[in-house]
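Thanks for coming. I will show the model first and then walk through a few places in it.

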Amino acid sequence: MQNYFPDASRLVYGCMGLGGGWNNEPAAKEHVLQAHQLIEQALALDINVFDHADIYTFGKAETVFGKVLKENPSLKERMILQSKCAIRFEDDLGPKRYDFSAKWIESSVEGILQRLNIEQLDILLLHRPDPLMELDEVATTLSSLQQQGKIKHVGVSNMHGHQMAYLQSALSSPIVANQLEMSLAFRDWLEDGVTTNSPANRNSGYAPGTLEYCMMNKVQLQAWASLAQGKYTGASTHNEADAATAALVNSLAAEYETSPEAIVLAWLMRHPANIQPVLGTTNIERIKACHKSMDVQLTREHWYLLLETARGQEMP
């Protein structure tokens, strides 16, 4: 991200929880106030990258965020805004689906800009791969949106390296980010490499080479679900490995004089891929607890101990 936005924060604030919930009730003033408070808190902690998607709380997340920007236009100058499109929920026309058609991408961007009350989106991410993608159509559409000044950069989400290379082959500008599920709990991105030449590699749901593709091509890796829904920081655990990992996280938090959230995120951030964790909480105290990860540098031994404990077995 620093290659394109030198001032981008290492942490990203994810706006999925804004807008009052995944229902058809309109967003209220209290939800705009909540969004304003969370934006101000994030910026106060020097978190200036804000992550959206057109589907989050059925568009209400972007709507309340946009109302905050309309009432406080100077805030936009202090942030980097990204949003995603291409997921379509079940409707009268068909089932849940992904749509990379020119018509859908164009209309989605118009909706995003209108809801956010901005003229240009810093990064547009294609949310999930569309098996029916027509490469030239997508490339032409994205290029046109850039030329019109509606989007600055292009990114993807939930794509593997081969899909990215194929898309990049037709684009005139670089893919700048890929947002994937990555955490101490969801480790397929890591297991792919460490279990190479091992039968255990067959269980990985991660396409080989994705991590390396992003690192070689300066694609910013962003981690959604980076805290694994709090599995190691207070939520209920369901097996021995999770319970042992939660205990270890708390022990290390005491040793490093920090929060459990900081340890979990610092584990991700210790990797040379320069991973950007996305924080999805609307709890201000938890945001502060996560921000402490910026001051934690895990030793190699502690990093591997966390990995071994979460795996439930030693390294191959």
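Is Glu257 exposed or buried? Before I answer, note that this is a predicted model. Glu257 has a relative accessible area of 74%, and the cut-off for exposed is over 50%, so Glu257 is exposed. To find Glu257, look in the loop between α8, residues 240-255, and α9, residues 260-269. The backbone there has a feature to note: phi of Glu257 is positive, about 55°, although Glu257 is not a glycine.

There is another residue with a positive phi to look at. Asp46 is not a glycine either, and its phi is near 65°. Asp46 sits in the loop between α1, residues 29-44, and β2, residues 49-51. Its relative accessibility is 64%, so Asp46 also counts as exposed.

Now from the loops to the helices. How do α1 and α2 cross? Helix α2 covers residues 60-71, and its axis comes within 8 Å of the axis of α1, at a crossing angle of roughly 70°. With that angle, α1 is roughly perpendicular to α2. On the α1 side, the residues that meet α2 are His31, Val32, Ala35, His36 and Ile39. On the α2 side they are Val64, Phe65, Lys67, Val68 and Glu71. Sorted by class, this contact of α1 with α2 has six nonpolar, two polar and two charged residues.

The next pair is α9 with α10, where α10 is residues 284-291. Their axes are 7 Å apart and the packing angle is about 50°. An angle of that kind makes α9 oblique to α10. As for handedness, the crossing of α9 and α10 is right-handed. α9 contributes Glu261, Ala262 and Leu265 to the contact, and α10 contributes Arg286, Ala289 and Cys290. Four of the residues in this contact of α9 with α10 are nonpolar, two are charged and none is polar.

One of those α9 residues, Ala262, has a further partner to point out. Asp295 is 33 residues from Ala262 along the chain, yet their C-alpha atoms are separated by 8.5 Å. Asp295 lies in the loop between α10 and α11. With a relative accessible area of 70%, Asp295 is exposed.

On to α11, which is residues 300-311 and holds Thr309. Thr309 has a relative accessible area of 17%. The cut-off for buried is under 20%, so Thr309 is buried. What is Thr309 in contact with, leaving aside its neighbours within four places in sequence? The list is Ala241, Ala244, Thr245 and Leu248.

Last, the nonpolar cores. The largest has 88 residues. Which of its residues touch the most other members? They are Phe50, Phe65, Leu167 and Trp267.

Take Leu167 as an example. Apart from its neighbours within four places in sequence, Leu167 is in contact with Leu126, Met133, Leu135, Val138, Val156, Met159 and Ile175. There is also a second, separate core, of 11 residues, and among them are Met1, Ala8, Ile80 and Ile123.

That is the end of the tour.

How values were computed:
Residues are numbered from 1 along each chain as its sequence is written. This is a predicted model: local features need pLDDT of at least 70, side-chain atom pairs count only at pLDDT 80 or more; totals for chains, interfaces and linings use all residues. Side-chain values use heavy atoms; hydrogens and water are left out. Helices (H or I, at least four residues) and strands (E, at least two) are DSSP runs, numbered from the N terminus. Buried means under 20% relative accessible area, exposed over 50%, partly exposed in between (1.4 Å probe, protein chains only). A nonpolar core is a set of buried Ala, Val, Leu, Ile, Met, Phe, Trp, Tyr and Cys residues joined through side-chain atoms within 4.5 Å. Contact means heavy atoms within 4.5 Å. Axes are lines fitted to C-alpha atoms, for helices over the stretch in contact, and angles run from 0 to 180 degrees between N-to-C directions. Angles under 35 degrees count as roughly parallel, over 145 as roughly antiparallel, 65 to 115 as roughly perpendicular and the rest as oblique. A crossing is left-handed if the near helix is turned anticlockwise from the far one by less than a right angle, and right-handed if clockwise. Ala, Val, Leu, Ile, Met, Phe, Trp, Tyr, Cys and Pro count as nonpolar, Asp, Glu, Lys and Arg as charged, and the others, Gly among them, as polar.
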